[in-house]
Amino acid sequence: MAMSPHTVCGAFAFEVPVTQTMPEPQGAPAMPFARYQLGTAYDEMFSIGHVPRGHYERLYRRLLELPPTEMHRRQHAADQMFLNQGVTFTVYGAEEGTERIFPYDLLPRILTSAEWDVIERGLTQRIVALNMFLKDIYHSGQILADGVVPAELIYSCRHYRREMRGIHIPRDIYVSITGTDLVRLPDGRFAVLEDNLRVPSGVSYMLANRQVTKRVFPTLFEYYNVRPNEHYGQALLATLRALDPQRRPDPTVVLLTPGVYNSAYFEHTFLARQMGIEMVEGRDLLVHNNIVYMRTTAGLRRGDMIYPPVDDDFADPLTLPPESYLCGAGLMNAYRAGNVALANAVGTGVADDKAVYAYVPAIIRYYTGEDPILANVETYLLTNAAQRQHVLANLDELVVKAVGESGGYGMLIGPHSTAAQREEFRRLIETQPRNYIAQPTLSLSQAPCFIDGGVEARHVDLRPYILSGERVAIVPGGLTRVALRRGSLVVNSSQGGGSKDTWVLYE
């Protein structure tokens with residue numbers, strides 16, 4: 001089947017298949033599926049022949065029963081709940097204002113127990129291997145000596161921190177919170193698009209979605225016997241306490257926020273309430289005798305664990321880059337002395353490097369002796385002459401990414417680029433091949449969404465959240481991000497994307 005022009009999903013470009021309108025089943029009313037379209041992408045609700053998949057059957061029938069006016073009423077009620085809870089996100093540079101209600105779609109994404117089992121095992125395998133990798137490169141460096149991962153690739157990474165060489169990390173857990181982005185390929189398999197190790201975000205929206213969906217579809221929710229996710233806050237708190245370097249029974253966990261104008265401020269306040277912990281800004285912290293204290297109305301109080309992950313560039317102006325200002329001066333000295341823990345550890349960003357990502361399957365095999373359960377997306381390393389020439393000859397078809405950037409920055413979207421932009425990236429690649437990788441386009445799955453009074457297919461990805469403490473724990477589900485605009489695959493909320501609740505079923 002022919003393909004239409006490419007669009008962008010987060011920091012990756014995908015092909016949008018030419019679609020065909022799905023006919024209504026015999027005897028079913030024209031609404032609400034009259035505008036539902038199928039293509040070559042995997043459809044979460046429908047299988048071949050436009051037959052609802054077994055785990056979507058009850059939702060499908062319920063949507064046939066509900067009139068559009070009732071669906072509109074429920075959508076309005078959901079929007080009001082988000083408004084009343086202050087569930088917002090920040091759009092930097094928007095002339096009409098920065099704070100917006102987070103877009104939410106009524107219809108849940110449903111995963112079977114078998115599907116979740118594969119995801120859970122694959123993510124557990126992946127984070128265990130990445131933690132072993134980080135410990136290795138900051139201590140013995142055996143994987144580099146064995147040539148599995150090129151040493152030059154690691155030491156040239158801007159997020160590799162020589163200050164972390166030889167520092168003991170509690171339980172050897174460098175990455176305690178991860179938000180891994182998954183896409184479902186046309187054959188139904190899930191693949192890892194990227195590992196968000198430095199500053200994983202969005203879990204508050206996952207939890208808020210569940211609260212709202214249970215109130216909008218209470219009977220349907222009970223019918224489906226959905227696995228709970230409400231315990232995430234306490235699971236996170238237990239994970240953080242398990243990483244206390246002093247192994248105290250009740251260490252003090254502090255949530256550090258850059259402030260009210262930060263895009264993640266809602267998430268910070270939400271999680272602080274969920275965990276029942278203090279939320280502070282950098283000016284509220286001070287370091288004395290290599291111990292971190294927070295200022296409170298009752299005086300100074302020791303802080304044993306700081307969450308969420310702080311970008312290394314903003315951790316400590318005394319030992320890290322001079323623009324660091326979010327934390328108190330001397331934090332790294334307290335960190336080295338084992339008097340405070342950071343989640344995630346300083347230096348984990350090296351495993352976020354998009355060139356290192358290409359080696360994760362080999363990293364998994366090296367440390368676990370197993371084949372990866374979840375595949376990577378094909379990635380071209382531009383330090384390789386043959387791969388570089390292939391990419392330079394196909395810049396109009398590929399996506400080029402800067403290895404140390406996130407959020408869509410430092411990218412060339414070949415199918416949407418101009419000749420001048422391609423020429424500029426050609427020059428950058430030729431002069432700095434280490435700083436870029438390239439990936440092909442691919443299709444990703446679509447799920448039903450309530451759009452303008454009817455049900456339409458929209459493209460989705462999935463970000464589960466992995467907690468690593470005494471053990472690896474993954475709360476069932478994750479944040480399903482949705483490209484709400486017709487024909488788009490941009491799931492980023494600032495560009496028209498939204499999210500929906502993710503239901504993981506029991507057996």
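Figure 1. When contacts in the chain are taken between residues at least 6 apart in sequence, 66% of them join residues at least 24 apart. Buried residues account for 58% of the 507 residues in the chain, and the accessible surface comes to about 20500 Å², with 50% of that surface belonging to carbon and sulfur atoms. In secondary structure, the chain comes to 14 helices and 30 strands.

Figure 2. The chain has a mean pLDDT of 87, and 85% of its residues reach 70 or more. Where pLDDT is low, predicted coordinates should not be read in detail.

**Figure 3. Helix α13, residues 385-393, and its buried residues.** The buried residues of α13 are Arg388, Val391 and Leu392. Because these residues cover an arc of only 100 degrees around the axis, they lie on the same side of α13. As a general point, an α-helix has 3.6 residues a turn, so residues three or four places apart point the same way. On the face of α13 turned away from its buried side are the exposed residues Ala386 and Ala393.

**Figure 4. The surroundings of helix α13 and the start of the helix.** The elements that cover the buried residues of α13 include the strands β20 (380-381), β21 (399-402) and β23 (436-439), together with the helix α14 (419-431). At the start of α13, the backbone nitrogen of Ala386 has a side-chain oxygen of Asn384 within 3.0 Å.

**Figure 5. An open sheet of four strands with parallel pairing.** The order of the strands in this sheet is β13-β12-β17-β18. The edges are formed by β13 (278-280) and β18 (341-342), each of which has a single partner strand, so one side of each is left without a neighbour in the sheet.

**Figure 6. The pairing of strands β12 and β13.** Strand β12, which spans residues 253-256, runs parallel to β13 and is joined to β13 by three bridges.

Terms used. Residues are numbered from 1 along each chain as its sequence is written. This is a predicted model: local features need pLDDT of at least 70, side-chain atom pairs count only at pLDDT 80 or more; totals for chains, interfaces and linings use all residues. Side-chain values use heavy atoms; hydrogens and water are left out. Helices (H or I, at least four residues) and strands (E, at least two) are DSSP runs, numbered from the N terminus. Buried means under 20% relative accessible area, exposed over 50%, partly exposed in between (1.4 Å probe, protein chains only). Contact means heavy atoms within 4.5 Å. Accessible areas come from the Shrake-Rupley method with a 1.4 Å probe; for residues, only the protein chains shown count as cover. pLDDT is the predictor's confidence in each residue, from 0 to 100. The arc is that of the directions from the helix axis to the C-beta atoms. A polar contact is a pair of N or O atoms within 3.5 Å; within protein, one must be able to donate a hydrogen and the other to accept it, and residues adjacent in sequence count only if both atoms are side-chain atoms. Two strands pair if DSSP finds at least two bridges between them.
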